[in-house]
Each structure stands twice: as structure tokens, then as C-alpha cells.
Amino acid sequence: MADAHAVPHHDYHLVNPSPWPLVSSIATVIMMIGAVVWMKGLAPADSGPLASALLAKGDKALFFAGLAGVLVSMFGWWADVIKESKAGDHTPVVSIGLRYGMILFIASEIMFFAAFFWMFFEMAVFNEARAHVPEIGNWADTAAAWSTWPPKGVEVLDAWQLPLLNTIILLLSGTTVTWAHHALQVGDRKATKIGLGITIALGVLFTAVQAYEYSHIIHENLFFNEEAANAGLYGSIFFMATGFHGFHVLIGTIFLTVCLLRLLAGQMSPEKHFGFEAAAWYWHFVDVVWLFLFAFVYVTFG
């Protein structure tokens, strides 16, 4: 009888049964329900202030419980992937599959940001055509609001101050992460650690500058002029596009931090370091998206 536990003679890796797909799915559902309940609220209008406060705390607890489950799932799942790599399960064929997966993930992220740029260009480029559309229902008011972009009365940011600073920060971080990647490829672990540490510091600095920029917008009430037609639309598009990019910078910074911790632990080698390579790809994607945001949202139509 053949040995049922014999080593397979192929280049593919059949993963062991894992709890993480189920756990992460359940945690994500809980988190999303908690987010909706938190934003919408479940307290009846006549429930009183005490009951409303208690229910509000419960709403937040549901969201953060789901978020904790998602984070635990991410940590456990990726830790298992690292263990599989150290065990030799990531054959050349598996490594190619991982690279294809990362490329497709970045492609999906490109489509995600394409939706925001599509809406922004719809407002910014085609406003002249909108202004001459025949009146249909309430369309005339909308067309009039779109006749200029940015909307009249909305004070926008100076692209050559904080946005330019953040552009320089991200471009510099792109060079340092490339330096770190090249250093790892040639076996210079010291230079890799330095370059990676500088990249992480620049990512933190970018986030701090953007947080200051947002606080300035809110304090000066730049995008919330109620007398300006369509001001809310401009502010919504601005915060959705730049805010989600800032969130991606935060994720990329965490990604690179994990790579640095693994490097300090003696992991990764010139031959096997796909985790770092994927993080570098992701960081360059974040850089490119910001260049488009800076060029069009801040400079051309700002």
C-alpha cells in the first residue's frame, strides 16, 4: 500500500486546513455591522439620554470587536504564510503565484482610486457641458453648481505648501525603499535596515503632515462654506481621494515595519524576500497615486 503521507512530487503547495478564512469572514461581517450601527445608531428617538449613551457604547464595542478579530486573523494568517516559506513550501512555482496575486491586488487598488478620479474629472473637466444641458427636473440647479470647478466661494489649499512637502517626502521615500531593496539583493543587510528605517520614518512624517493639513482645513472651514454652491461635493471628493490615499500610506508603513522587524529577526535573504518585495511594490503604487492626486486635485484643478 502506498504511503498516504508521502512527500508529493510536484511544485505546488497544498495548504493545510486553516481557521483563518472562516474567522476573518465572521470578524469582517461583525465589523461592518458594527460600523453601520455606529454610524446609523439603533437608539429610538424617545429612549432618553442614558439609554442612548449606553447603546452608543455598545455600537462602538461591536465595531471594535470585529476590528480586533480582523487584526488577529491578519496576523495569524500571514504568520502561517511566513512559516510555510521558512519550511520550504514556497517553491518557484508558488513564488510566481504569490507575485501574480500581489500584482492583481495592486491592479484592484488602481481601479479603486480610478473611481475617485473619474468622479473628480466628471466635475472638473465636463462642467462646461453640464451647464448647457436642457433643464430636466432639478438638473438646472445641479448644472449651475457644476459650471465652475472648484465651486465659487470655496477656498482651496495652496498646492505649493504642505502638498508639495508631502510630495517631496513620498518621492524621497520611494528612493530609500528602492535603495533598501537593492541592498538586500546584494546581501548588504546593514544598508537594508537603514534604508527601510528611513522609509518608515518618512511614511510616519507624511501621515503627520496630512493630519496637520486636515486640521487646518477643518479649523479654517475651507470646504464647508454653506454659501458656496456644491462646496460639499468638492469637500467629499477631496477627503475621499486624499483620505483613502493616506490610509494606504498608513497600511504601507505598517507593511514595511513588519518587514523591518523580520529583517532584525534574521529573516529574509537575497534569494528569498518576497514579503519585502511586495511591500516595495505597494509603496511605489502609493507614490504614483499621490503624484496623480498632487498633479490634478491640488495643482491643475485646485
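**Helix Crossing, Salt Bridge and Aromatic Pairs**

Analyst: The crossing of helices α6 and α7 is left-handed, a word used when the near helix is turned anticlockwise from the far one by less than a right angle (right-handed if clockwise). The model is predicted: local features need pLDDT of at least 70, side-chain atom pairs count only at pLDDT 80 or more, and totals for chains, interfaces and linings use all residues. Residues are numbered from 1 along each chain as its sequence is written, and side-chain values use heavy atoms, without hydrogens or water.

User: Why is α6 called roughly antiparallel to α7?

Analyst: The axes of α6 (residues 162-185) and α7 (residues 189-220) come within 8 Å and cross at roughly 160 degrees. Angles over 145 degrees count as roughly antiparallel (under 35 roughly parallel, 65 to 115 roughly perpendicular, the rest oblique), so α6 is roughly antiparallel to α7. The residues of their contact divide into 20 nonpolar, 7 polar and 1 charged.

User: What makes R99 and E277 a salt bridge?

Analyst: Their closest N and O atoms are 2.8 Å apart, and a salt bridge needs a side-chain nitrogen of Lys or Arg within 4 Å of a carboxyl oxygen of Asp or Glu. R99 lies in helix α3 (residues 92-124) and E277 in helix α9 (residues 274-300), so the pair ties together parts 178 residues apart in sequence. The structure holds 1 salt bridge.

User: Why is the aromatic pair of F105 and Y282 called stacked?

Analyst: A search of the whole structure finds 25 aromatic pairs. In one of them, F105 and Y282 lie 6.2 Å centre to centre, with 15 degrees between the planes. Rings of Phe, Tyr and Trp (its six-membered ring) pair if their centres lie within 6.5 Å; planes under 30 degrees apart count as stacked, over 60 as edge-to-face and the rest as tilted. The pair links F105 in helix α3 to Y282 in helix α9, 177 residues apart. F105 is partly exposed at 38% relative accessibility, and Y282 is buried at 4%.

User: What makes the pair of W160 and F294 edge-to-face?

Analyst: The ring centres of W160 and F294 are 5.7 Å apart and their planes stand at 85 degrees, so the pair is edge-to-face. W160 lies in the loop between α5 (139-145) and α6, and F294 in helix α9, so the pair ties together parts 134 residues apart in sequence. W160 is exposed at 54% relative accessible area, while F294 is buried at 10%.

Conventions:
Axes fitted to C-alpha atoms, helices over the stretch in contact; angles between N-to-C directions. Helix = DSSP H or I, 4+ residues; strand = E, 2+ residues; numbered from the N terminus. Nonpolar A, V, L, I, M, F, W, Y, C, P; charged D, E, K, R; others polar. Buried < 20%, exposed > 50% of the residue type's maximum accessible area, 1.4 Å probe, protein only.
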